[in-house]
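Please open the structure in your viewer and keep the selection tool at hand. The tour below goes from one selection to the next and says what is found at each stop.

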Amino acid sequence: MITPTLHFLQNLQSSFTSWVRSKTSQEKYGYSQVFFTLCVIFAVFWCAWLFLKPKNRSSSPLPPGPKGLPLVGNLLGLDPELHTYFTRLSQTYGPILKLQLGSMVGIVISSSTLARQVLKDHEVTFANHDVPTAAQIVSYGGCDVVWTPYGPEWRMLRKVCVLKMLSKTTLDSVYVHRRQEVRKTVNYFYSKVGSPVDVGEQIFLTTLNMITNMIWGGTFQGDERDRLGSEFRELVSKMTEMVGKPNVSDFFPGLSRFDLQGIAKQTEGLARRLDGIYERIIGQRRRIEEEGGEKSKDFLGFLLRLVDEQDDKTPLTMNHLKALLGDMVVGGSDTSSKTMEFAMAEIMNQPKVMNRIQQELDAVIGKHNLVEESHIHQLPYLQAVVKETLRLHATAPLLVPRIPSETSIVGGYTIPKGSRIYINVWAIHRDPSNWEEPLKFDPERFLNSKWDYSGSNFSYLPFGFGRRICVGIGMAERMIINSLATFFHCFDWEVPPGEKSDLSEKFGIVLKKKIPLVAIPKPRLSDPALYTQCPY
Ligand code: HEM
């Protein structure tokens, strides 16, 4: 780099010398002084630029994208429905595009080919999730699985989840908690037979209760248990709101210390309250065990044993434990319940689909029994319905944004280190070059086909891909399929007269129904006693 600079300066000097020869000696002296000063300044700036400019060795350009304003870039033009906005932009700028989001560069990927390049070909470079300020606070400084950077600590946490806490054996051992909550909800729906029910709300409560019961099981009973549950629910929904709120600190990290919207302060308050709940539950659990109570077979009991053992290979701290519990609740409740709500709305919109699900259920379970999780693998049509729901209404429409640890080249464009990468799965799942009649809800396309949730086909990525793929797929499948199977086995569902099942979406980290699902249950089992096996 230095050699061409010197050549250039030498050439400049020799042309200048021949010009100067034609001048008087006083003029010559003045010109030489100016020339010398200019050369020094020029050389210093050039060398500084050569050495200090970002080491982007490629000559590839940045991806195309809409022009932004000074300082804020494209921030003011962002449509809150980010998934559809990004999809529209990709129709103009192509499957990879760039947005300036304050001081951050945002890159949107909207094709399966480029998703593959990011998630597979450059897997390690793109293996970190971009951590919003509020998420950092709720996860004890980012010491959970979702936000820990790719490395040994993340591997240890992931192993705790995949091999132990969410393994088939552990999930089987906490099935009793899932079953109890689904049946309580059946009982509730039965009490409302013939009247409109806010199905979305009930499904959310059912899912959250399933997860909290799998976490701390029977630590508390009666009123105390109900109080704790409702305080916990309130905190979880407020924290999810904080994490999803657009935060100036995330677009201008240099301003984060001023916390201009007060999001960090509010989130810290919520995090302290949540920590108080964890402390109460852990304290109570310790007391029960000290009094000779049985070792609990729930997630909390399991994680406490790991903390107590302090095995060198799994140096789990109390903060890790609490942050992991947060992952299960926050990562698992909204995602699974919103998927179920969309599935129910789609099914109710197509009576043929509902009939076929019910025929399958009646053939496997009959009308004199209740659904059990062990039936799931005998329900291929319902499984296809859930896959199709996750295709058409991708629950995490932009996955969890990734952040590259190195500058790299994707699709011939430079992706700067530290930019925020949105993989627009919502658009990929509706891309006509990947799917026939992509806007049609058609579970048949997943029957007898190779599709699974592993992400191995980059046209279908509802749970992400690779090292950072969702850790809760098994748990989500069990909760979603068992709940849907039970609700359609026990009831026929109708929208209230004069209304129609609405399917419009509202963007969030987790996609929601714009209008919550309200429906009327009608019993369809032979024996009324089946509906009241768990009092709610
Ligand atoms: C329909 C339900 C669900 C959907 C659609 C979903 C989707 C996702 C997606 C898209 C990611 C990011 C993957 C990536 O970056 O490639 C993710 C990560 C994660 N999910 Fe889920 N998820 C669901 C249910 C659950 C459940 C039930 C749990 C709790 C057990 C859970 C826990 C997590 C965790 C801990 C991560 C972070 C994994 C890591 O970074 O290593 N998810 N999920």
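A crossing of two helices is called left-handed if the near helix is turned anticlockwise from the far one by less than a right angle, and right-handed if clockwise. Helices (H or I, at least four residues) and strands (E, at least two) are DSSP runs, numbered from the N terminus. This is a predicted model, in which local features need pLDDT of at least 70 and side-chain atom pairs count only at pLDDT 80 or more, while totals for chains, interfaces and linings use all residues. Residues are numbered from 1 along each chain as its sequence is written.

Select α8 (residues 175-191) together with α18 (473-490): α8 passes α18 in a right-handed crossing. Where they touch, Arg178, Val182 and Val186 of α8 meet Arg478, Met479, Asn482, Ser483, Thr486 and Cys490 of α18, contact being C-beta atoms, placed from the backbone, within 7 Å.

Next, select the ligand, which 27 residues surround, the closest being Gly331, Gly332, Gly464, Cys470 and Gly472; a residue is counted here if its C-beta atom, placed from the backbone, lies within 6 Å. The elements that give two or more residues to this shell are α14 and α18, and α14 provides the largest share, seven residues.

Conventions. Axes fitted to C-alpha atoms, helices over the stretch in contact; angles between N-to-C directions. Contact = placed C-beta atoms within 7 Å.
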